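Subject: Structure handover

Hi there,

Here is the structure I promised to pass on. Have a look at it first, and my notes follow below.

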Amino acid sequence: KSSGKVVIGTVKGDLHDIGKNLVALMLEGEGYEIIDLGVDVPAEKFVEVAHEVHPDIVAMSALLTTTMPSMKTTLDALTAAGLRNNTMVIVGGAPVTEAYAHQIEADGFAPDASRAVGMVNSLLAEKS
């Protein structure tokens, strides 16, 4: 049985994927179904796939401070599409902070891949 479904991707404008890949692998090891959108993912793609697969979590990564605003854009697009009621959004990446996650109204933040797994587990435990 799947632990849950996670759509994961690196936001528009960012081509870095090592952290995203680590999070995806570790979540997969915990029994989560992973839908990896890759890198440089526009908000519309996150919305489209979230509509199709109904994930428990949408996870966004950014390594560049210049691409962090794409997280807010994507989160706003998910909200506008009515997907935030049943889907939580988490963010991460080297420049991303807990304060930024709160500012953009993400449901969760983790400073590294191993803590991302624990955070996803606790978010979904709270949800059920």
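Before the notes, one definition: a residue is called buried under 20% relative accessible area, exposed over 50%, and partly exposed in between, with a 1.4 Å probe and protein chains only. Helices (H or I, at least four residues) and strands (E, at least two) are DSSP runs, numbered from the N terminus.

Please keep in mind that this is a predicted model, where local features need pLDDT of at least 70, side-chain atom pairs count only at pLDDT 80 or more, and totals for chains, interfaces and linings use all residues. Residues are numbered from 1 along each chain as its sequence is written, and side-chain values use heavy atoms, with hydrogens and water left out.

The sheet

Five strands make up an open sheet with parallel pairing, in the order β2-β1-β3-β4-β5. Its edge strands are β2 (32-36) and β5 (108-109), each of which pairs on one side only. Pairing here requires that DSSP finds at least two bridges between the two strands.

Because five of its five residues are buried, β3 is largely enclosed by the rest of the structure. In a regular strand the side chains alternate between the two faces of the sheet. Both faces of β3 are covered: I57, A59 and S61 are buried on one side, and V58 and M60 on the other.

β3 runs parallel to β1, with five bridges joining them, and V7 has V58 as its bridge partner in β3. Five bridges also join β3 to strand β4 (residues 88-92), again in parallel. Within β4, I57 has M88 as its bridge partner, while S61 has G92. From β3 the chain crosses through helix α3 (residues 69-80) to β4, and this β-α-β crossover is right-handed; that is, with the strands pointing away from the viewer, the path from the first strand over the helix to the second runs clockwise.

Helices on the sheet

Helix α2 (residues 43-53) lies across β1, β2 and β3, at about 165° to β1. Such angles run from 0 to 180 degrees between N-to-C directions, and the axes are lines fitted to C-alpha atoms, for helices over the stretch in contact. α3 packs on the sheet too, touching β3 and β4, and its direction makes about 160° with that of β3. Contact means heavy atoms within 4.5 Å.

In α2, the residues A43, F46, V47, V49 and A50 are buried. The buried residues of α2 pack against β1, β2, β3 and α3. Just after this helix, H54 takes a positive phi of about 50°.

Nonpolar cores

By nonpolar core I mean a set of buried Ala, Val, Leu, Ile, Met, Phe, Trp, Tyr and Cys residues joined through side-chain atoms within 4.5 Å. The largest one has 25 residues, and V58, M60, M71 and V91 have the most contacts inside it. Two or more residues come from each of α2, β3, α3, β4 and α4 (98-103), with the largest share, four residues, from α2. Apart from this core lies another, of 18 residues, among them V6, I57, A59 and L123.

Leaving aside neighbours within four places in sequence, V91 is in contact with residues including M60, M71, V96 and F109.

Is T10 buried or exposed? T10, in strand β1 (residues 4-10), counts as buried at 0% relative accessibility. Its side chain reaches the backbone oxygen of H16 at 2.9 Å. Not counting residues up to four places away in sequence, T10 touches H16, D17, K20, G38, V39, D40, V41 and S61.

G13 sits in the loop between β1 and α1 (18-29) and is partly exposed, with a relative accessible area of 45%. Beyond its neighbours within four places in sequence, G13 is in contact with D40, L64 and T67. The C-alpha atoms of G13 and N85 are separated by 27 Å, and the two residues are 72 residues apart along the chain.

S70 belongs to helix α3 and counts as buried at 16% relative accessibility.

Enjoy exploring!

Best wishes

Conventions. Polar contact = N/O pair within 3.5 Å; in protein donor to acceptor, adjacent residues only side chain to side chain.
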